[in-house]
Amino acid sequence: MKLLCFFAMISVFSGSHGESCIAQKLHLDKIKLPPGFTIGVYAEKVPGARSLTLGLGGIVFVGTRDEGKVYALLAGPDPTRAGEVITVAKGLHSPNGVAVRDNALYVSEINRILRFDDIDSRLRNFPQPVVINDSFPSEETHGWKFIAFGPDGKLYVPVGAPCNICNPEDKRFASIMRMNPDGSQLEIFAHGIRNTVGFDWHPVTKELWFTDNGRDWMGDNVPPDELNSAPEKGLHFGFPYCHGGTIPDPEFGRARSCKEFVAPRLLLGPHVAALGMRFYTGNSFPQEYRDQIFIAEHGSWNRSKKIGYRITLARGQGKDLKYEVFAEGWLQGQTEWGRPVDVLVMPDGALLVSDDSAGVVYRIQYRTP
């Protein structure tokens, strides 16, 4: 029975009860989804699973923080489950961010970006990394990085604020930077961003959109996390002077007006820790989800009543965006059993979700009710 239970496939419908041991252990029967959507485990035994990126042949690379590892989830004959999970790199310094370009895997550490060449043919004998840029600050606070290549071919790399609230002299802090794939021409693209750990480009307009985590210790309900867009270089989004577009900081807010900065496109929940986000570009979800934004909310850590621990949706066009819950249930009362970190649209249209607390990657798919 144990073997049967171990190898049982996960397929948990919204509102139904899972029958496998893994589903019961992870409480997948508690996850609430819109009608027609199902959630299952794509890969287990992925400790600390955080940022996700897609390589050749359906390989999914997964970054971590404290584990210091990068995993590869190999495609198998069953598209609902990874065929194998292997560790391709270890001993790294918070390798949170992963990105793929020209069959090379780029990995972000705290103060440098690494490149592993010819990855698809060397998964079991991973190459030594090439250091393409090691000039980033070494501060640990908000130092872990999500990375991705933009439509302009440049690698975008955030540098979080080295504090809860401060005004550092080094202007690289609280920014999104970008550089060429070889590490050259590093520059600041956007300013005033406290800590973004997820961004993507609109599939039509090619504008950069990103989540930003609000500061702590202003109360349970202030300030909100933010969803922002940066259509051009050089914009400032308010940190440390202004939060949520209208809330002056109690320490730094007198120095500058909120009107000087770019306002958020959407206000998210206070302290939800919005991390990974992706525009949905697949074809298997209903048309109403096309080009809409899925956001992984890792969950609050110091709020008196916990919030987040879910997948939300920013739905709409232009200025008319609506914020709604898409998947929830990782938080039961005030006890969490999982923490979503990143989302990734797969070639078949399914949505992967990483969970660094449960150490798994989920797969959400749609079937006509």
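Predicted model: local features only at pLDDT ≥ 70, side-chain atom pairs only at ≥ 80, totals over all residues.

**Entry 1**

I began with an open sheet of four strands, whose order reads S3-S4-S5-S6 and whose pairing is antiparallel. S3 and S6 are the edge strands, each pairing on one side only. From one strand to the next I get an average twist of 25°.

Next I went through the contacts of S5. S4 (residues 60-62) runs antiparallel to S5, and three bridges join them. Val 60 sits opposite Leu 73 of S5 there. Towards S6 (residues 82-89), S5 pairs over six bridges, again in the antiparallel sense. I noted Tyr 71 opposite Thr 87 in S6, and Ala 75 opposite Ala 82 in S6. The link from S5 to S6 is a hairpin through six residues.

Is S5 buried or exposed? S5 (residues 70-75) is mostly covered, with five of its six residues buried.

**Entry 2: the sheet from S7 to S10**

Here I found four strands in an open sheet, ordered S7-S8-S9-S10 and paired antiparallel. S7 (98-101) and S10 (130-133) stand at the edges with a single partner strand each, so one side of each has no neighbour in the sheet. The twist averages 30° from one strand to the next.

I checked one pairing in detail. S9 (residues 113-116) and S10 are held in the antiparallel sense over three bridges. Arg 115 has Val 130 in S10 as its bridge partner.

**Entry 3: the largest pocket**

I put the volume of the largest pocket at about 590 Å³. Its lining counts 26 residues, and those nearest the centre are Thr 53, Phe 149, Asp 200, Arg 278 and Leu 344.

Which strand gives the largest share of the lining? That is S7, with four residues. The strands that each supply at least two lining residues are S3 (52-54), S7, S11 (148-149), S15 (199-201), S21 (274-279) and S27 (340-345). By residue class I get 18 nonpolar, four polar and four charged.

**Entry 4: aromatic pairs**

How many aromatic pairs does the structure hold? I get 23.

I picked out Tyr 106 and Phe 149, an edge-to-face pair at 4.9 Å centre to centre with 80° between the planes. Tyr 106 belongs to S8 (residues 104-108) and Phe 149 to S11, so this pair ties together parts 43 residues apart in sequence. Both partners are on the covered side of the cut-off: Tyr 106 is buried at a relative accessible area of 4%, and Phe 149 is buried at 17%.

My other pick was Trp 209 with Phe 279. Their ring centres are 5.9 Å apart and their planes are at 90°, so I logged the pair as edge-to-face. It links distant parts of the chain, with Trp 209 in S16 (residues 208-212) and Phe 279 in S21, 70 residues apart. Trp 209 counts as buried at 5% relative accessibility, and Phe 279 counts as buried at 3%.

Last, I noted a cluster linked by ring pairs: Phe 37, Tyr 280, Phe 285, Tyr 289, Phe 294, Phe 326 and Tyr 366.

How values were computed. Residues numbered from 1 in each chain as written. Heavy atoms only, no water. Pairing = 2+ DSSP bridges. Axes fitted to C-alpha atoms, helices over the stretch in contact; angles between N-to-C directions. Buried < 20%, exposed > 50% of the residue type's maximum accessible area, 1.4 Å probe, protein only. 1 Å grid on protein atoms, 1.4 Å probe; cavity = no way out; pocket = protein on both sides within 12 Å on 5 of 7 lines; lining within 4 Å. Points joined across faces, edges and corners; volume = space filled by probe spheres on them. Nonpolar A, V, L, I, M, F, W, Y, C, P; charged D, E, K, R; others polar. Phe/Tyr/Trp six-rings, centres within 6.5 Å; stacked < 30°, edge-to-face > 60°.
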